[in-house]
Amino acid sequence: MTEAAGLRVLIVDDAALIRTYYRAALEPRGYVVDEALNGLEGLEKVLLQAFDMIIVDVNMPQMDGMTFLKVLRAKDLPVGATPVLVTTSEAGPQDMAAARAAGANSYLVKPIRQDVLAQYADMLCGRLP
């Protein structure tokens, strides 16, 4: 198991159960996890503090994940380079292409096993075994 002590991950998802599930996958591996309920709240958080990785859902109220990602990547700030993992129930090739075009580093279709999520976090944060 890779220790990720001190690495900060922001989970942006409107579903409390999903946020809890992702937190349970990451915290035992040493990640420090924060949460946002939608893209707008996620943007507020990334502008106030640094994260090593962001996990974002696509379908959310107020600001969806694709809009969040486009705004994040459009900013001329260091935060714009933060690795982003898009997680969604949208499994079509056009959905993955849209996420990549918006600036996603990786894309996973829900449901996601906790060990797979942790492996992607390790990879995106440069913590490969």
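A bit of housekeeping: residues are numbered from 1 along each chain as its sequence is written. Because the model is predicted, local features need pLDDT of at least 70 and side-chain atom pairs count only at pLDDT 80 or more, while totals for chains, interfaces and linings use all residues, and side-chain values rest on heavy atoms, with hydrogens and water left out.

**Salt bridges**

Side chains of opposite charge can pair when their charged atoms come close. Searching the whole structure turns up eight salt bridges (a side-chain nitrogen of Lys or Arg within 4 Å of a carboxyl oxygen of Asp or Glu).

| Aspartate 13 | Lysine 110 | 3.0 Å |

Take the salt bridge between aspartate 13 and lysine 110. This pair links distant parts of the chain, 97 residues apart: aspartate 13 sits in the loop between β1 (8-12) and α1 (16-26), and lysine 110 in the loop between β5 (106-109) and α5 (114-124). Helices here are DSSP runs of H or I with at least four residues, strands are runs of E with at least two, and both are numbered from the N terminus. Aspartate 13 is buried, with a relative accessible area of 1%. Buried means under 20% relative accessible area, exposed means over 50%, and partly exposed is in between, using a 1.4 Å probe and protein chains only.

Glutamate 35 belongs to strand β2 (residues 32-36) and arginine 19 to helix α1, so the pair ties together parts 16 residues apart in sequence. Arginine 19 is buried too, at a relative accessible area of 9%.

With aspartate 122 in helix α5 and arginine 29 in the loop between α1 and β2, the pair ties together parts that are 93 residues apart in sequence. Both aspartate 122 and arginine 29 are buried.

**The aromatic pair**

The structure has one aromatic pair. Its members are tyrosine 21 and tyrosine 22, with ring centres 6.2 Å apart and planes at 55 degrees, so the pair is tilted. For the record, rings of Phe, Tyr and Trp (its six-membered ring) pair if their centres lie within 6.5 Å; planes under 30 degrees apart are stacked, over 60 edge-to-face, and the rest tilted. Tyrosine 21 is partly exposed, at 32% relative accessible area, whereas tyrosine 22 is buried, at 2%.

**Helix α3 and its surroundings**

Helix α3 (residues 65-74) has Gly65, Met66, Phe68, Leu69 and Leu72 as its buried residues. Seen down the axis of α3, they fall within an arc of 160 degrees, so they line one face of the helix; the arc is that of the directions from the helix axis to the C-beta atoms. Exposed Lys70 and Ala74 are on the face turned away from the buried side of α3.

**A buried threonine**

Threonine 82 is found in the loop between α3 and β4. At 8% relative accessibility, threonine 82 counts as buried. Neighbours within four places in sequence aside, threonine 82 is in contact (heavy atoms within 4.5 Å) with Phe51, Asp52, Met53, Ile54, Arg73 and Asn105.
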